[in-house]
Amino acid sequence: MDSLTDADREPPWRFSVAPMLDCTDRHFRQLMRQISRRSLLYSEMVVAQALHHSNRRERLLGFDPEEHPIVLQVGGDDPQLLAEASRMAADWGYDEINLNVGCPSPRVQAGNFGACLMAEPERVAQCVEAMVLASDRPVTVKHRVGIDDLDSDDLLTAFVDRVADAGASRFSVHARKAWLEGLDPKQNRTIPPLQHDRVIALKERRPQLTIELNGGLDTPEQCLDALQHCDGAMVGRAAYAHPLRWASVDALIYGDAPQSVRASDVLIGLIPHAERHLQRGGRLWDIGRHLVQLVEGVPGARHWRRDLGEKAQRAGADLTVLEASARQLIDAGL
């Protein structure tokens, strides 16, 4: 008899936390895993060429078992190097590998990858095909609705069709175009208008493809609404800036029993990870810098953030800093 519940059958990408440079490192992923056990988590983007040459792959690829399900996002335009990265992702135990075709930064453009690759669907297809052949892990693509003047539904559909033919299993579509000239990466996240309707229309044109909506989703309820139209909902800055806002995700989106997750629960849950990190020679601030977003909108929040920040940044800061901060939260009923 099949013992799986409906929730067990829900794929992890129904809700995911987008890859974000300087944000979604292993410490923030551990923080989010205290809040949601089911959501799909992404690494920061790792450049395939850097992986090829690195003698410190643990720093680039390392994660802990409790971070599953987890995706390695890579950047590059060389099929051979990306195939190698795909094999590494499998060897290290990642659940998926994702190709970045959405980052608009000048540095990324200089390497001919990220959003500028939307102008080269054949190159993207060659990369995806090589990645698919290199391992048994699903290969997905994160991209924009368009770039510069290459910004029509026909071009978007043609891009997705070609890359799907190459073997991409899911498309995470940031519902903004990217201006590669004139806007910096931060401006590209806010100035081009959101166009959710274009992503929804893409799903309607290609119902057989798995399409995930990214961009401008600020609450779990908005994600649930997005799932009425698309297969997945991906959240970026709103998850990083307001992590506890997403405590209802497992119940709302995956059908789990509702649970109360408090800031003190998250902090206490992170202590074993912090202990391992310190034993490896890491600094407490590597973790603490993510925690300052944990408490907001309540009396004393600013004082708690300042106190944690000052103490966690000190040389030799240890677990007692987190333990004291957790006690402060418990005493405040948080």
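How many of the residues of strand 5 (residues 96–101) are buried? Six of its six, so the strand is mostly covered, where buried means under 20% relative accessible area with a 1.4 Å probe and protein chains only. Strands here are DSSP E runs of at least two residues, helices are H or I runs of at least four, and both are numbered from the N terminus.

This is a predicted model, in which local features need pLDDT of at least 70, side-chain atom pairs count only at pLDDT 80 or more, and totals for chains, interfaces and linings use all residues. Residues are numbered from 1 along each chain as its sequence is written, and side-chain values use heavy atoms, without hydrogens and water.

Back to strand 5. In a regular strand the side chains alternate between the two faces of the sheet. Here E96, N98 and N100 are buried on one side, and I97, L99 and V101 are buried on the other. Strand 4 (residues 70–75) runs parallel to strand 5, joined by four bridges; DSSP must find at least two for strands to pair. Q73 has N98 as its bridge partner.

Next, confidence. The chain has a mean pLDDT of 94, and 97% of its residues reach 70 or more; pLDDT is the predictor's confidence in each residue, from 0 to 100. Over residues 1–7 the value is below 50, and this stretch has six contacts beyond near neighbours in sequence, a contact being heavy atoms within 4.5 Å.

Definitions and conventions. Buried < 20%, exposed > 50% of the residue type's maximum accessible area, 1.4 Å probe, protein only.
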